[in-house]
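Take a walk through this protein model with me. We start at its surface and then look at what is packed inside.

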Amino acid sequence: MAKRVEFEMKELAGICGLYCGACTTYRAYKDKDSTLLNKLAATHNIPVDKIACDGCLSHNYRLYLPAEFRDCYFRKCAEEKGVTWCFECSEFPCKRLKDFSRDGRAHHTAVIDNLREMKNLGVDEWLKIQEKRWRCPNCGKKLHWRIGYL
């Protein structure tokens with residue numbers, strides 16, 4: 001059972017350096033947050049029961065979205081180059097990743113630093129740090145990137 005938990009945690013280390021454990025969709029799905037699920041369903045014009053994601057490295061990756069939104073450039077690129085995370089690539093950090101980190105979305109700004117930390121600390125240690133970082137220090141509730149979304 002410990003191996004499965006370890007594997008599930010690795011699924012939360014996004015290929016591009018995002019921490020999937022703080023993704024709004026992931027948190028809504030895993031926490032069964034009906035308010036947030038309803039908001040996401042309305043935004044994407046789909047039934048609530050179709051919203052599911054277990055992280056970027058999982059087989060249950062954003063399947064509720066149409067293909068044009070589900071397809072991830074970094075996922076395809078990593079597969080083509082035979083790597084799991086961008087930091088393993090000889091072109092890291094590439095122009096596409098740099099542009100992604102500057103696209104105006106706050107949670108994208110740290111991806112290059114996150115990937116460097118993953119490389120230096122190891123993915124398991126990085127995940128432990130993220131797990132702690134994305135919890136409320138007072139109550140322990142798991143947080144997501146768009147906490148003011150509602």
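Is Lys10 buried, partly exposed or exposed? Lys10 counts as partly exposed, at 24% relative accessibility. Here buried means under 20% relative accessible area, exposed means over 50%, and partly exposed lies in between, with a 1.4 Å probe and protein chains only.

Before going on, note how the model is read. This is a predicted model, where local features need pLDDT of at least 70, side-chain atom pairs count only at pLDDT 80 or more, and totals for chains, interfaces and linings use all residues. Residues are numbered from 1 along each chain as its sequence is written, and side-chain values use heavy atoms, with hydrogens and water left out.

Back to Lys10. Its side chain meets that of Asp124 in a salt bridge, 3.1 Å from N to O. A salt bridge is a side-chain nitrogen of Lys or Arg within 4 Å of a carboxyl oxygen of Asp or Glu. Lys10 lies in helix H1 (residues 2-10) and Asp124 in helix H8, so the pair ties together parts that are 114 residues apart in sequence. Helices are DSSP runs of H or I, at least four residues long, numbered from the N terminus. Asp124 is partly exposed too, with a relative accessible area of 37%.

By this rule, the count comes to eight salt bridges. Another one joins the side chains of Lys95 and Asp99, at 2.7 Å from N to O. Both residues lie in helix H6, four residues apart, about one turn of the helix. Lys95 is exposed, at 60%, whereas Asp99 is partly exposed, at 33%. Arg102 joins Lys95 and Asp99 in a network of salt bridges.

Arg135 and Glu131 also pair up, at 2.8 Å from N to O. Arg135 is partly exposed, at 31% relative accessibility. Glu131 counts as buried, at 19%.

Now go inside. What forms the largest nonpolar core? It has 29 residues, and those with the most contacts inside it are Phe74, Leu97, Leu115 and Met118. A nonpolar core is a set of buried Ala, Val, Leu, Ile, Met, Phe, Trp, Tyr and Cys residues joined through side-chain atoms within 4.5 Å. Helices H5 (73-81), H6 (95-101), H7 (111-121) and H8 (123-133) each give two or more residues to this core. H7 gives the most, with four residues.

Look at Leu97. Leaving out residues up to four places away in sequence, Leu97 touches Cys16, Phe74, Cys86, Phe92, Val111, Ile112 and Leu115. Contact means heavy atoms within 4.5 Å. Apart from this core lies another, of seven residues, among them Ala28, Leu37, Leu40 and Ile51.
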